[in-house]
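Good morning, colleagues. Please take a moment with the display before I continue.

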Amino acid sequence: MSDRFFGNAFFFVNIKGFRFRNLTIRNPVTYAFHICRVTDFEVSHIRFDFTTENPIKGNMDGIHLDGGCRHGRIANLRGRGFDDMVALNANDGICSAYEGEISDIDIDGLHADKTHRGVRILSTGAPVRNVSIRNVHISTYRNLVALTHFFPDRETRGIFDNIVIRDSSVSAAPEPEELGGKYRAWPMIWVEKGCDVGQLVIDNVVRRETYSAEDPTIGIEPGAKVEKLVVTNCRQVNGTAGELVFLSQEGEVGVLEQERVSK
């Protein structure tokens, strides 16, 4: 267990059977809500009211899970975050309260405009399995959902399996100027290099784009591996002057099943 000061509005550790509902969280130092080693839990009907930053719009997650969290439901979140609206970080280096497996998490209902990211899943060895993400409706200057490795110095790869993203909508948004400007294209659904994914399912996701065609809708980076990628009932609506890329596949995909996709 880390002895670092986290600066969270709420921080809970080692609980079984936990309910956290119906609250507005305003201007935390870092994360609004942080848990590790918590099982059988629900976090729902939470509003983020972030009006100041510390000192920039970064590292201010909404709902942040470290390792050891299982059998949880996160639902009905509103209000933009200055980092991940929801973070499932099985490994997070010195920022982690506890590193370990995360599994069986249901995320249902995220709504935000011009937020940093919807859901971030991070692993550099501890597995993240059985995650359902649905009803996410955001504009973002990073990602709708990101599967990340993040630590280039760690030789152990990220482990992910049975990740499902469905019934969601997304569009790109401008990055805040104080963050120094955009330095790369950010896929709306992103699998970073160093990640090994068993099955990833993307179903009924709509991309309505009026801001920028620079970012792919789905991006599999070089050095990422996905055993089975299932993409169904998805479409793009391009209102920009550029060409919108639906799937940028530079990593390894063992089996690609793609049906009823409108590009």
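In what follows, a strand is a DSSP run of E of at least two residues, and the strands are numbered from the N terminus. On that basis, the elements of the chain run β-β-β-β-β-β-β-β-β-β-β-β-β-β. That comes to 14 strands and zero helices. Please bear in mind that this is a predicted model.

I turn to the overall form. The C-alpha trace spans about 45 × 35 × 35 Å along its principal axes. A compact globule of 263 residues would have a radius of gyration near 18 Å, and the 17 Å of this chain agrees with that. Buried residues account for 57% of the chain. Of the contacts between residues at least 6 apart in sequence, 78% join residues at least 24 apart.

Next, the charges. The chain carries 31 positive and 36 negative side chains, and the whole structure holds 19 salt bridges.

One of these joins Arg19 and Asp40, at 3.2 Å from N to O. Because Arg19 lies in strand 1 and Asp40 in strand 2, the pair ties together parts 21 residues apart in sequence. Arg19 is partly exposed, at 40% relative accessibility, and Asp40 is also partly exposed, at 35%.

Another salt bridge joins Arg73 and Asp106, at 3.3 Å. Here strand 4 supplies Arg73 and strand 6 supplies Asp106, so parts 33 residues apart are tied together.

A further salt bridge, between Glu99 and Arg154, has a distance of 3.2 Å. Both residues lie in loops, 55 residues apart.

Notes. Residues are numbered from 1 along each chain as its sequence is written. This is a predicted model: local features need pLDDT of at least 70, side-chain atom pairs count only at pLDDT 80 or more; totals for chains, interfaces and linings use all residues. Side-chain values use heavy atoms; hydrogens and water are left out. Helices (H or I, at least four residues) and strands (E, at least two) are DSSP runs, numbered from the N terminus. The radius of gyration is taken over C-alpha atoms; the globule rule is 2.2 Å times the number of residues to the power 0.38. Buried means under 20% relative accessible area, exposed over 50%, partly exposed in between (1.4 Å probe, protein chains only). Contact means heavy atoms within 4.5 Å. Lys and Arg count as positive and Asp and Glu as negative; His and the chain ends are not counted. The place of a charge is taken as NZ of Lys, CZ of Arg, CG of Asp or CD of Glu. A salt bridge is a side-chain nitrogen of Lys or Arg within 4 Å of a carboxyl oxygen of Asp or Glu.
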